[in-house]
Amino acid sequence: MGLFIDIARSRHSCRMFGESPLSDEEMRLILEAGELAPSSRNLHPVRLFPVSDTDAIRALAGCRPSSTTALKTATFAVVVAADPMVSDVWIEDCSIASIMMQLEAEDLGLGSCWIQVRLRSSVDGSAEDVVRNVLGLDTDLTVHSIIAIGKQ
Ligand SMILES: Cc1cc2nc3c(=O)[nH]c(=O)nc-3n(C[C@H](O)[C@H](O)[C@H](O)COP(=O)(O)O)c2cc1C
């Protein structure tokens, strides 16, 4: 464990990962960091969906025609979604959870990359619909981003 400023300084987007999977503890810590994110009025509208099945992660890569390179080799991904009816500032809350997970990944010596889903399109629809189909998400949830993670 280093100083926080060292983690902030060394973090960078990683879009190519090695094949070895994360340990259960690494995945648990990343999710815990996301769950610990503060939220406006403490309403916690954010829902995190961990994905460790590589076929499912590769399917998530199809949510956009480009800019999903990191999902093509990631061994872990967390889909960040929220219920907009719970909080009007769910986008801010999702963004904070996303960067918290990226910084935890960095602290663990892992690489990560933010994949934008909200407001983005797939080849024939919305990026969100692809993610929704891969995960079978509830209709009350809106997808914000995917954090792609793996060993560097
Ligand atoms: C809101 C947001 C959306 C992003 N969307 C994508 C994306 O869809 N695909 C991607 O490969 N990188 C994405 N990134 C990563 C940025 O391209 C990257 O953070 C930026 O170029 C700075 O590089 P660095 O992370 O190495 O400092 C996104 C980052 C943020 C903060």
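The following legends describe close-up views of a predicted model.

Local features are given at pLDDT of at least 70 and side-chain atom pairs at pLDDT 80 or more, while totals for chains, interfaces and linings use all residues. Residues are numbered from 1 along each chain as its sequence is written.

**Figure 1. Overall fold of the chain.** The chain has five helices and four strands, taken as DSSP runs (helices H or I, at least four residues; strands E, at least two) and numbered from the N terminus. From the N terminus on, their order is α-α-β-α-β-α-β-α-β. The radius of gyration, taken over C-alpha atoms, is 15 Å, close to the 15 Å that the globule rule gives for 152 residues, so the chain is as compact as a globular protein of that length; the rule is 2.2 Å times the number of residues to the power 0.38.

Figure 2. The residues around the ligand are H12, S13, R15, S67, T69, A70, C113, W114, I115 and Q116, each with its C-beta atom, placed from the backbone, within 6 Å of the ligand. By class, this shell has four nonpolar, five polar and one charged residues. Ala, Val, Leu, Ile, Met, Phe, Trp, Tyr, Cys and Pro count as nonpolar, Asp, Glu, Lys and Arg as charged, and the others, Gly among them, as polar.

Figure 3. C14 is found in the loop between α1 (4-10) and α2. C14 counts as buried because it has 21 C-beta neighbours inside 10 Å; the cut-offs are 20 or more for buried, 12 or fewer for exposed, and partly exposed in between, with C-beta atoms placed from the backbone. Leaving aside neighbours within four places in sequence, C14 is in contact (C-beta atoms within 7 Å) with A70, G111, S112, C113 and Q152. C14 and W114 are 100 residues apart in sequence, yet their C-alpha atoms are 9.2 Å apart in space.

**Figure 4. Packing of α2 with α4.** Helix α2 (residues 24-35) and helix α4 (residues 90-107) pack at an angle of about 145°, with axes 7 Å apart. Axes are lines fitted to C-alpha atoms over the stretch in contact, and angles run from 0 to 180 degrees between N-to-C directions. L29, I30, A33 and G34 of α2 meet A97, M100, M101, E104 and A105 of α4. The residues of this contact divide into seven nonpolar, one polar and one charged.

**Figure 5. Buried residues of α5.** In helix α5 (residues 127-135), A127, E128, V130, V131, R132 and V134 are buried. These residues pack against α3 (54-60), β2 (76-82) and β4 (142-151). Just after α5, G136 takes a positive phi of about 65°.

How values were computed. Contact = placed C-beta atoms within 7 Å.
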